[in-house]
Amino acid sequence: MNWSQVGIDRMTEQWPKIKARRTTTISPWMDIIAREVEFAPGEPPQVYHAVGQLDYLAIVAQTPDGRLPIVRQYRPALEAFTWELPAGLLERGEDAAEGAARELLEETGYPARKVHPMGSAAACTGRLSNSVHSLFVETSERVADFKPEPGLTIALKTPAELVAMIKAGEFVQQLHLGALMLAELKGFLTLPR
């Protein structure tokens, strides 16, 4: 991870110090990282835990007719179905724009015509060690023979329809709300009030 990409300043002084770091692999997608942090000379180190994952992609895509593809899927962590932007993990060594095009096609059947990186940010500074790469994608028409993954529902929403879902509490993924905000701030999208 490139800390300067996510707006994190490394300490230039001696303290705090990482005295020990232990990584436990839980699955191919997740590690638990335990860090012993000493905050001042002579103070006992304190243990902090974080979840280590590959970097995350949040994709705000717009079809040629101006609609936004979103996906509905079951999320075991919430024990519920959620509506989200197309998204996924960035594979090791993969460029974020290439990863976004891959994920978008896999989840929605829409090929990327043009990918605009909007920036990278920390996913959660308190518990997650990965970055979120937000990208705006102009799509081509959907591929003719596309079949969604089992359990995945795809919908096309106008910006106004998506805003209504957000206001109604039907679109709740915070990382995706941030990607939508970036798309608007960078001039790729207008979200009506």
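Helices here are DSSP runs of H or I with at least four residues, strands are E runs of at least two, and both are numbered from the N terminus. This is a predicted model, where local features need pLDDT of at least 70 and side-chain atom pairs count only at pLDDT 80 or more, while totals for chains, interfaces and linings use all residues. Residues are numbered from 1 along each chain as its sequence is written, and side-chain values use heavy atoms, with hydrogens and water left out.

Q: Where is Leu-85 found?
A: Leu-85 is in the loop between β6 (80–84) and β7 (87–89).

Q: Why is Leu-85 called buried?
A: Buried means under 20% relative accessible area, with exposed over 50% and partly exposed in between (1.4 Å probe, protein chains only). Leu-85 has a value of 2%, so it counts as buried.

Q: Which residues does Leu-85 touch, not counting residues up to four places away in sequence?
A: Contact means heavy atoms within 4.5 Å. By that rule, Leu-85 touches Ile-59, Val-60, Ile-70, Val-71, Glu-107, Phe-171, His-176, Ala-179 and Leu-180.

Q: What makes a nonpolar core, and which members of the largest one touch the most other members?
A: A core is a set of buried Ala, Val, Leu, Ile, Met, Phe, Trp, Tyr and Cys residues joined through side-chain atoms within 4.5 Å. The largest one has 22 residues, and Val-60, Ile-70, Leu-85, Leu-162, Phe-171, Leu-180 and Leu-189 touch the most other members. Elements giving it two or more residues are β4 (56–62), β5 (68–75), β9 (131–139), α2 (159–167) and α3 (174–185). A second, separate core of ten residues includes Ala-96, Ala-100, Leu-104 and Tyr-110.

Q: How do you know that the buried residues of α2 are on the same side?
A: The residues in question are Pro-159, Leu-162, Val-163 and Met-165. The arc is that of the directions from the helix axis to the C-beta atoms, and theirs covers only 160°, which puts them on the same side of α2. They pack against β5, β6, β10 (153–157) and α3.

Q: Why are β7 and β8 called edge strands?
A: Two strands pair if DSSP finds at least two bridges between them. The open four-stranded sheet has the order β7-β4-β9-β8, with mixed pairing. β7 and β8 (112–122) each pair on one side only, so they are the edges.

Q: What makes β4 and β7 a pair?
A: They share three bridges in the antiparallel sense, and the rule asks for at least two, so they pair. Leu-89 in β7 is the bridge partner of Tyr-56.
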